[in-house]
Amino acid sequence: MYLTRLDAQPDSFEELAVPLFDRLYNFAHWLTRNREEAEDLVQETYAKALKGFSSFRLGTNFRAWMFRILRNTFLTSRTGLRATMTLSLDSEEEKPAAAAQDDTPETILIERLNRQQVQSTIDELPVHFREILLLCEVEEMSYQEIAETLSIPIGTVMSRLSRARKTLRAALQLQFKKRMNHGL
């Protein structure tokens, strides 16, 4: 006997989708850089996903499917179209990272400043770099899941992630140099 997904599990969309809400919102907020736009993006994502749930294939990665819907919705929005028009910041220079220090009030302050700097620098990256860093580092998706989410080959995931990390590192090194020249 063949049962449709909805006949077998009437609450399956809700059971699968609700646990992803916070992660989708965080990703949307990183992409849009605006709380209200992120909320709208997530709401639209859920509406599209619910409407298209019959096209979801059992046995495939639901999380990647939802993130792909969110990303595609973002890219077709006005904010997404503006964000994808940014220029690449590729830099060929690589330098060693600074050594870690013991926890003191000063190092804790510096760590907080560094964390804020990393976040703002990620915000300034082009969307294709920002999204791949977030999916890998924040959402901890595998290369395969990222490839499914972004609808790109795994090789592209690896090269884009490498370029994104290199760009982020170069931008942070530049910020660090500026801070050091101004005495913190």
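Contact here means heavy atoms within 4.5 Å.

Figure 1. The model is predicted. It has 10 helices and 0 strands. From the N terminus on, the elements run α-α-α-α-α-α-α-α-α-α. The chain has 184 residues, and buried residues make up 37% of them. Take the contacts in the chain with a separation of 6 or more: residues 24 or more positions apart account for 70% of these.

**Figure 2. Close-up of the second largest pocket.** About 210 Å³ of space lies in this pocket. Its lining consists of W30, R115, V118, Q119, I122, L133, L134, E137, V138 and L168. Helix 7 (105-124) and helix 8 (127-138) each supply at least two residues of this lining. By class, the lining has 7 nonpolar, 1 polar and 2 charged residues.

Figure 3. The buried residues are V127, F129, R130, E131, I132, L133, L134, L135 and C136. Two of these, L133 and L134, also line the second largest pocket. After helix 8 comes E140, with a positive phi near 55°.

Figure 4. E140 has a relative accessible area of 61%, over the 50% cut-off, so it is exposed. Leaving aside residues up to four places away in sequence, E139 touches R23, R63, F67 and L134. The C-alpha atoms of E139 and F27 are separated by 8.4 Å, although these residues are 112 residues apart along the chain. E140 is not a glycine, yet it has a positive phi of about 55°. Most residues other than glycine have a negative phi.

**Figure 5. Close-up of helix 9 against helix 10.** Two packed helices are described by the angle between their axes and the distance between the axes. Here the pair is helix 9 (residues 143-150) and helix 10 (residues 154-181). Their axes come within 9 Å and cross at roughly 100°. Helix 9 and helix 10 are therefore roughly perpendicular to each other. On the side of helix 9, the contact is made by Y143, Q144, I146 and A147. On the side of helix 10, it is made by I154, V157, M158 and L161. By class, this contact has 7 nonpolar, 1 polar and no charged residues.

**Figure 6. Close-up of helix 9 and its buried residues.** Which residues of helix 9 are buried? They are E145, I146, A147, T149 and L150. These buried residues pack against helix 5, helix 8 and helix 10. Among them, I146 and A147 take part in the contact with helix 10. Helix 9 is followed by S151, whose phi is positive, near 55°.

Figure 7. T121 has its place in helix 7. At 4% relative accessibility, T121 counts as buried. What does T121 touch, not counting residues up to four places away in sequence? Its contacts are L168, A171, L172 and Q175. One of these, L168, also lines the second largest pocket.

Figure 8. F56 has its place in the loop between helix 4 and helix 5 (62-76). F56 is buried, with a relative accessible area of 4%. F56 and M66 are 10 residues apart along the chain. Their C-alpha atoms are separated by 9.8 Å.

Figure 9. R33 is found in the loop between helix 3 (21-32) and helix 4 (35-51). Phi of R33 is near 65°, a positive value in a residue other than glycine. At 44% relative accessibility, R33 counts as partly exposed.

Definitions and conventions: Residues are numbered from 1 along each chain as its sequence is written. This is a predicted model: local features need pLDDT of at least 70, side-chain atom pairs count only at pLDDT 80 or more; totals for chains, interfaces and linings use all residues. Side-chain values use heavy atoms; hydrogens and water are left out. On a 1 Å grid over the protein atoms alone, a cavity is a set of points where a 1.4 Å probe fits but cannot get out, and a pocket is an open set with protein on both sides within 12 Å along at least five of seven lines; lining residues have an atom within 4 Å of a point. Grid points are joined across faces, edges and corners, and a volume is the space filled by probe spheres set on the points. Helices (H or I, at least four residues) and strands (E, at least two) are DSSP runs, numbered from the N terminus. Ala, Val, Leu, Ile, Met, Phe, Trp, Tyr, Cys and Pro count as nonpolar, Asp, Glu, Lys and Arg as charged, and the others, Gly among them, as polar. Axes are lines fitted to C-alpha atoms, for helices over the stretch in contact, and angles run from 0 to 180 degrees between N-to-C directions. Angles under 35 degrees count as roughly parallel, over 145 as roughly antiparallel, 65 to 115 as roughly perpendicular and the rest as oblique. Buried means under 20% relative accessible area, exposed over 50%, partly exposed in between (1.4 Å probe, protein chains only).
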